Amino acid sequence: MKQAYLSKLAGLPLKTLLQLEGYKVNLVNEYGQLSEYRGPADYLDPIKPIESEGTIHVDHRIATHADLYMCQLGLWNDAGLFFGDPEKLSPDYPGDVLYNAVCTRDYYIHLVPGTDEDLVGAMMTWRKLMAATDKTEGTKKSRNNDDEHLKIVGVSQGYTRCTCLPVDDNSFITSDDGLAKILENQGANVLKISTGHIKLEGFDYGFIGGCAGHIYVHNNDAGPGTPTLQRAIVFNGDLSKHPDFWAITDFIQSRNIHPVYFNSYPLEDIGSILATHL
């Protein structure tokens, strides 16, 4: 079953779309715990009382962010999900970014000394599985299928998944100058955008990776014989108000990916929209 994981604070239109597209929507509360979203009646109180309050492991302002507790390995059909241990996290940076990495077939991007060892192991196992699947199917989905060709890119920005949105295995959008330069030097395709213009409650601004995720949507414009599902990047809020809207959408659409956004509420960083498609 298709699954999506996101903050309980995500917009109602986003939650509704995910349900309509057949995803089981799992909401993250401030303790890093999951609860299934049942529908609009849950909007005002999406997380029901828990038997024990538990512990808030990270800064309370970002405590519902899915990308602090788990890491998506790969994009769309390739995607797996690593579930971290909230007990390993701490409120002070970099103790809260152990799992906040970007992982595609070609790149593993993170504050490498700050990466949890279990995540690294899971990522290497996932890549072996992808390579074995490609060999069985006689396909090569990426230019870097072998472990020795994986580019492990160490960056100084620990909130890597927040600040960097993977568009495909070798293409990224970010507002972080240092991260953009490192990726460009590694041969990646990078769109550098303006800093800010994304809401993040309690902070001056949020980030592009933290307000987006990779899903499939039905293509209502598809003609006879055309696949009815297409890859999409969905944004939590109104992307059209971002000053780099046209550059962002062109960068995405040029890779045959559909941008989806909602003009009924502001673009907001909610700690990413993570999804698997088994």
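A polar contact is a pair of N or O atoms within 3.5 Å, of which, within protein, one must be able to donate a hydrogen and the other to accept it. All views below are drawn from a predicted model.

Figure 1. The side chain of Gln-157 makes a polar contact with the side chain of Asp-176, at 3.4 Å. The side chain of Gln-157 also reaches the backbone nitrogen of Tyr-159, at 2.9 Å. Gln-157 has a relative accessibility of 19% and therefore counts as buried, the limit being under 20%. Leaving aside neighbours within four places in sequence, the residues in contact with Gln-157 are Tyr-93, Leu-111, Thr-163, Asp-176 and Leu-179.

**Figure 2. The cis peptide bond from Tyr-93 to Pro-94.** Omega of this bond is near 5°. Pro-94 belongs to the loop between β5 (80–83) and β6 (102–103).

**Figure 3. The open sheet with strand order β9-β10-β11.** Pairing in this sheet of three strands is mixed. Strands β9 and β11 (189–192) form the edges, each pairing on one side only. From one strand to the next, the twist averages 25°. Strand β10 (residues 171–174) runs parallel to β11 and is joined to β11 by four bridges. Phe-172 has Val-190 of β11 as its bridge partner. Helix α4 (residues 177–185) lies across β9, β10 and β11, and runs at about 160° to β11.

**Figure 4. The open sheet with strand order β12-β13-β14.** This sheet has three strands with mixed pairing. Its edge strands, β12 and β14, each pair on one side only. The twist averages 40° from one strand to the next. Seven bridges link β12 and β13 in the antiparallel sense, and His-218 stands opposite Leu-229 of β13. Helix α5 lies across β13 and β14, running at about 140° to β14.

**Figure 5. The largest nonpolar core, with 41 residues.** Leu-14, Ile-173 and Phe-235 have the most contacts inside this core. The elements that give two or more residues to the core are β1 (3–7), α1 (12–20), β2 (24–28), β9 (164–168), β12 (212–218), β13 (229–235) and α5 (245–253). A second, separate core of 26 residues includes Val-58, Ala-63, Met-70 and Leu-150. Residues up to four places away in sequence being left out, Leu-14 touches Leu-6, Val-234, Asn-236, Phe-262, Tyr-265, Ile-270 and Ile-273.

**Figure 6. Positive phi values at Trp-76 and Asn-256.** Trp-76 is found in the loop between β4 (70–73) and β5. Phi of Trp-76 is near 55°, a positive value in a residue other than glycine. With 3% relative accessibility, Trp-76 counts as buried. Asn-256 is placed in the loop between α5 and β14 (258–260). Phi of Asn-256 is near 60°, likewise positive in a residue other than glycine. Asn-256 has a relative accessibility of 61% and so counts as exposed, the limit being over 50%.

Definitions and conventions:
Residues are numbered from 1 along each chain as its sequence is written. This is a predicted model: local features need pLDDT of at least 70, side-chain atom pairs count only at pLDDT 80 or more; totals for chains, interfaces and linings use all residues. Side-chain values use heavy atoms; hydrogens and water are left out. A nonpolar core is a set of buried Ala, Val, Leu, Ile, Met, Phe, Trp, Tyr and Cys residues joined through side-chain atoms within 4.5 Å. Buried means under 20% relative accessible area, exposed over 50%, partly exposed in between (1.4 Å probe, protein chains only). Contact means heavy atoms within 4.5 Å. Two strands pair if DSSP finds at least two bridges between them. Axes are lines fitted to C-alpha atoms, for helices over the stretch in contact, and angles run from 0 to 180 degrees between N-to-C directions.
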